[in-house]
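Hi,

Here is the structure I promised to pass on to you.

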Amino acid sequence: MAQIARTPAQMGSLIQRARRRKGLTQTELAHLSGLRQEHISRIEVGHDGTKLASLYALFAALDLDLLVDIRARDPSPGIDDIF
């Protein structure tokens with residue numbers, strides 16, 4: 001299912017949910033992605049300044065794809081808008 005992430009916090013939340021769906025700890029994901037556990041923690045809480053290379057490594061480890069699309073004029077509510 002496609003999900004929208006427009007902020008670092010939303011991207012971090014998406015990554016965290018994907019990690020948990022796979023039943024992985026941050027340490028296990030760190031091993032699979034080649035990143036440090038502390039770095040994954042910062043990404044999941046929405047730390048600014050995350051390198052694209054780090055996101056690509058996480059996407060590969062979590063079997064995720066990054067899709068880019070034109071933003072709709074009336075955007076769908078994000079997870080933060082729902083709760």
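Let's start with Glu44, which sits in helix α3 (helices are DSSP runs of H or I with at least four residues, strands are runs of E with at least two, and both are numbered from the N terminus). Before going on, a word on the ground rules: this is a predicted model, where local features need pLDDT of at least 70, side-chain atom pairs count only at pLDDT 80 or more, and totals for chains, interfaces and linings use all residues. Residues are numbered from 1 along each chain as its sequence is written, and side-chain values use heavy atoms, with hydrogens and water left out.

Is Glu44 buried or exposed? Glu44 is buried, with a relative accessible area of 7%; buried means under 20%, exposed means over 50%, and partly exposed is in between, using a 1.4 Å probe and protein chains only. Leaving aside residues up to four places away in sequence, Glu44 touches Gly12, Ser13, Ile15, Gln16, Arg19 and Gln26 (a contact means heavy atoms within 4.5 Å).

The side chain of Gln26 makes a polar contact of 2.8 Å with the side chain of Glu44, and another polar contact, of 3.4 Å, joins the side chains of Glu44 and Gln16. A polar contact here is a pair of N or O atoms within 3.5 Å; within protein, one must be able to donate a hydrogen and the other to accept it, and residues adjacent in sequence count only if both atoms are side-chain atoms.

Gln26 belongs to helix α2 and is buried too, with a relative accessible area of 17%. Apart from residues up to four places away in sequence, Gln26 touches Arg19, Gln37, Ile40, Ser41 and Glu44. Gln16 is found in helix α1 and counts as partly exposed, at 22% relative accessibility.

**The whole chain**

Now zoom out. Buried residues make up 30% of the 83 residues. Among contacts between residues at least 6 apart in sequence, 56% join residues at least 24 apart. The protein exposes about 6100 Å², and carbon and sulfur atoms supply 54% of it (accessible areas come from the Shrake-Rupley method with a 1.4 Å probe, and for residues, only the protein chains shown count as cover).

Axes are lines fitted to C-alpha atoms, for helices over the stretch in contact, and angles run from 0 to 180 degrees between N-to-C directions.

By class, the contact of α2 with α3 has 3 nonpolar, 5 polar and 1 charged residues. Here Ala, Val, Leu, Ile, Met, Phe, Trp, Tyr, Cys and Pro count as nonpolar, Asp, Glu, Lys and Arg as charged, and the others, Gly among them, as polar.

Helix α2 also packs against α4, at an angle of about 105° and with the axes 9 Å apart. That makes α2 roughly perpendicular to α4. This contact is made by Leu29, Leu32 and Ser33 of α2 and by Ala57, Leu58 and Ala61 of α4. By class, the contact of α2 with α4 has 5 nonpolar, 1 polar and no charged residues.

In α4, the buried residues are Ser54, Leu55, Ala57, Leu58, Phe59 and Ala61. What covers them includes α1 (8–21), α2 (26–33) and α3 (37–44).

The C-alpha atoms of Ala60 and Ser33 are separated by 7.4 Å, although the two residues are 27 residues apart along the chain.

Finally, find Asp63 in the loop between α4 (52–61) and α5 (79–82). Asp63 has a positive phi of about 60° although it is not a glycine. Asp63 is exposed, with a relative accessible area of 61%.

Happy browsing!

Note on methods:
Parallel < 35°, antiparallel > 145°, perpendicular 65-115°, else oblique.
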